[in-house]
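Please work through each task before reading its solution.

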Amino acid sequence: MATAGKVIKCRAAVAWEPNAPLVIEEIEVAPPQENEIRIKVIATGVCHTDLYHLYEGKHEGGFPAVLGHEGAGIVESVGPRVTEFKPGDKVIPLFVSQCRECRFCKNPKSNHCERSWACERYAVMCDTDSRFTCRGKVILQFMGTSTFSEYTVMNQMAVAKIHDDARLDRVCLLGCGISTGYGAAINTAKVEPGSVCAVFGLGAVGLAAVMGCKNAGASRIIAVDIDEKKFEKAKILGATDCVNPKAHTKPINEVLAGITNGGVDFSLECVGNVGVMRSALESCVKGWGVSVLVGWTDLSDFSARPIQLISGKTWKGSLFGGFKGKDDVPKLVLDYMSGHVKLDEFVTHTMKLDQVNDAIHLMKTGGCIRTVLNVSSK
């Protein structure tokens, strides 16, 4: 393309500081270096983790930054030693890389990667090695991706090449939320046919977990949320029962035990709240119950009575649904294209990049499941 090898000036939503609105700025995006590709971002979802960094994480070292990590786009140009990608390829940026060479990448039990940006700066959530500048300042790259920009530059080990016919304003959701919840049920919990499941929290991640439980063959899926407006969507995606904890005088774990003969086989916490994590564990049946932490937070310790685990329950965590990004995300795209994985049902709003603060407000107030921003024209 005509822009290959040149600095590109484009629009991006810059978070100059925490607890402040994003600002649409003209930024400079440098050409890709060795093993890097530059991507024209077509669409991106707005995920709660973006809000977490902006409003909750309070890591001053993580600003200024371009947020966004749930995107899809087209390769604009490639740097030296890039053989896997070419200009024009459709791709999904990955916040969990896959170098295919480290001990984690070679181990089928893990989707971590020793060469990921997160190995040293996961708390700050931003990589200092950035190709962005604005007003003479380096702008950090959020979670190694930064999809609230018309262009971004990424290492090829953190990009998945996808089918040429994929609809980018839908498969972008596979960059985080839907993959995270769906995989937590399928890969981490390993939900079994005929089992009874409970999903705590019905945002996009929780609804994707509901879908995962259904596709795994669960016979009963109990959706738990204090916002009953989300129950209809949960039922569409596979929930058989919906429970509002505030509608009961007993703790939610006692409510679930009462309607499931002692507790559920699998529970998934998709809120990122340590109190809810404990409730999800306590909702599992003794002897074999499995509870999975899915919601992202790093602000508080969590706790439980030892007898919960001594009694035979298992407490697990899930990052990106246990999927190895480069290998598995292209397969998820095909699953969407074949109808096995739903994505359309998660999109409640579509906006332009300059409406990003409206999209953030919608998520902050619970007014959406997923808002997709149209970042660039095709």
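Predicted model: local features only at pLDDT ≥ 70, side-chain atom pairs only at ≥ 80, totals over all residues.

**Exercise 1.** Determine whether Asp169 is buried or exposed, and identify the salt bridges in which Asp169 takes part.

*Solution.* 
1. The relative accessible area of Asp169 is 18%.
2. Buried means under 20%, so Asp169 is buried.
3. The side chain of Asp169 meets that of Arg167 in a salt bridge, at 2.6 Å from N to O.
4. Arg167 has 38% relative accessibility and therefore counts as partly exposed.
5. Asp169 and Arg167 also belong to a network of salt bridges that includes Arg170 and Asp344.

**Exercise 2.** Describe the salt bridge between Asp328 and Lys331, and state how the two residues are placed in helix α11.

*Solution.* 
1. The N to O distance between the two side chains is 4.0 Å.
2. Asp328 and Lys331 are three residues apart in helix α11 (residues 325-338), so about one helical turn separates them.
3. Asp328 is buried, at 19% relative accessible area, whereas Lys331 counts as exposed, at 52%.

**Exercise 3.** Which residues of helix α9 are buried, and against which elements do they pack?

*Solution.* 
1. Helix α9 spans residues 274-282, and its buried residues are Met277, Ser279, Ala280 and Leu281.
2. These buried residues pack against the strands β11, β14, β15 and β16 and the helices α8 and α10.
3. At the start of α9, a side-chain oxygen of Asn273 comes to within 2.8 Å of the backbone nitrogen of Gly275.

Note on methods:
Residues numbered from 1 in each chain as written. Heavy atoms only, no water. Buried < 20%, exposed > 50% of the residue type's maximum accessible area, 1.4 Å probe, protein only. Helix = DSSP H or I, 4+ residues; strand = E, 2+ residues; numbered from the N terminus. Contact = heavy atoms within 4.5 Å. Polar contact = N/O pair within 3.5 Å; in protein donor to acceptor, adjacent residues only side chain to side chain.
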